[in-house]
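Please keep the view open while following the paragraphs below.

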Amino acid sequence: VLAALAGLSAAAPASAHRQWVLPSTAQVEGENAYVTFDAAVSEGLFDFDTVPLQLAGLVVTGPDGQAVAPENLNTGKRRSSFDLKLDKPGTYRASVVSTSVMASYMLGGEQKRWRGTEADLTSAIPAGAEDVRITRTEARVESFVTKGEPTATALAPIGKGLELVPLTHPTDLLAGTPARFRALIDGKPAPDLDITVVPGGGRFRAAT
C-alpha cells in the first residue's frame with residue numbers, strides 16, 4: 001500500500017507511462033536517519049523501464065512546513081535518485097512539480113504552436129495573432145516519509161492545480177484498512193474524478 005501511495009500523481013494525465021517517486025522506506029527511527037528516493041517515468045509502475053524523472057522541480061517540505069534541501073541528486077539513464085536526511089521528527093513530503101504553457105493561434109492564415117513558460121507567454125504570441133488558445137498544465141508527483149510519529153503539517157494542500165490530499169495518514173497505513181483522500185482543484189473539492197490506485201510489485205503478479 002505504501003508503494004502505491006508513493007506513486008500517486010495527482011495532476012499528471014492518464015497515459016501508458018506513469019511518473020513516480022518511491023522512497024526506500026516510509027518510516028524511520030534514530031538520530032542519523034536517511035531515506036533514498038528513486039524517481040522515474042515507466043510503463044510498468046515502479047519499474048525502471050523507460051526514462052528518469054527529471055528533478056528540476058523537486059521540492060521537499062519538512063515537518064515544520066519549511067523547505068528541506070535534498071542531497072546527492074543524480075539522474076541516470078533509467079532513473080533519478082536523491083537522499084533526504086530527516087533531522088526533525090515528523091512527516092516529510094517530497095514533490096516533483098512541473099508547469100508548462102501551450103498555445104496555438106492563427107497568423108497570416110497559418111496555424112502556429114508554441115510551448116514554454118508562463119513568463120514567456122506574453123512575448124511569445126505575436127501581434128495580429130487570431131484564435132489564440134492557451135492550455136496550462138500543472139503536474140505534481142508526491143511521496144511521504146516519516147521519522148518517528150506521523151505529523152500533518154507537510155500534508156497541507158498547496159491550493160493550486162489538482163491535488164490528492166490524504167485524510168488517512170499515508171505513512172501510517174496498515175494492510176486491510178481503508179485509506180481516504182480528498183481531491184481538490186485550486187483548493188476546492190473536485191467531485192466525480194476517476195482515480196486509480198496501483199500496488200507495487202506487480203510486474204510478475206499475473207505470471208504462473
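In this predicted model, the side chain of Glu-118 makes a polar contact with the side chain of Arg-136, at a distance of 2.9 Å. When neighbours within four places in sequence are left aside, Arg-136 and Val-101 are the residues with which Glu-118 is in contact. Glu-118 itself has its place in helix H2, which covers residues 118-124.

Is Glu-118 buried, exposed or something in between? Its relative accessible area is 43%, and because this value falls between the limit of 20% for buried residues and that of 50% for exposed ones, Glu-118 counts as partly exposed.

Turning to the chain as a whole, its secondary structure consists of two helices and 13 strands, and its C-alpha atoms fill a box of roughly 65 × 45 × 40 Å along the principal axes. Of its 208 residues, 37% count as buried, while the accessible surface of the chain comes to about 12200 Å², with 51% of that area belonging to carbon and sulfur atoms. Among the contacts between residues at least 6 apart in sequence, 61% join residues that are at least 24 apart.

Conventions:
Residues numbered from 1 in each chain as written. Predicted model: local features only at pLDDT ≥ 70, side-chain atom pairs only at ≥ 80, totals over all residues. Heavy atoms only, no water. Helix = DSSP H or I, 4+ residues; strand = E, 2+ residues; numbered from the N terminus. Buried < 20%, exposed > 50% of the residue type's maximum accessible area, 1.4 Å probe, protein only. Contact = heavy atoms within 4.5 Å. Polar contact = N/O pair within 3.5 Å; in protein donor to acceptor, adjacent residues only side chain to side chain. Areas by Shrake-Rupley, 256 points an atom, 1.4 Å probe, with all protein chains shown as cover.
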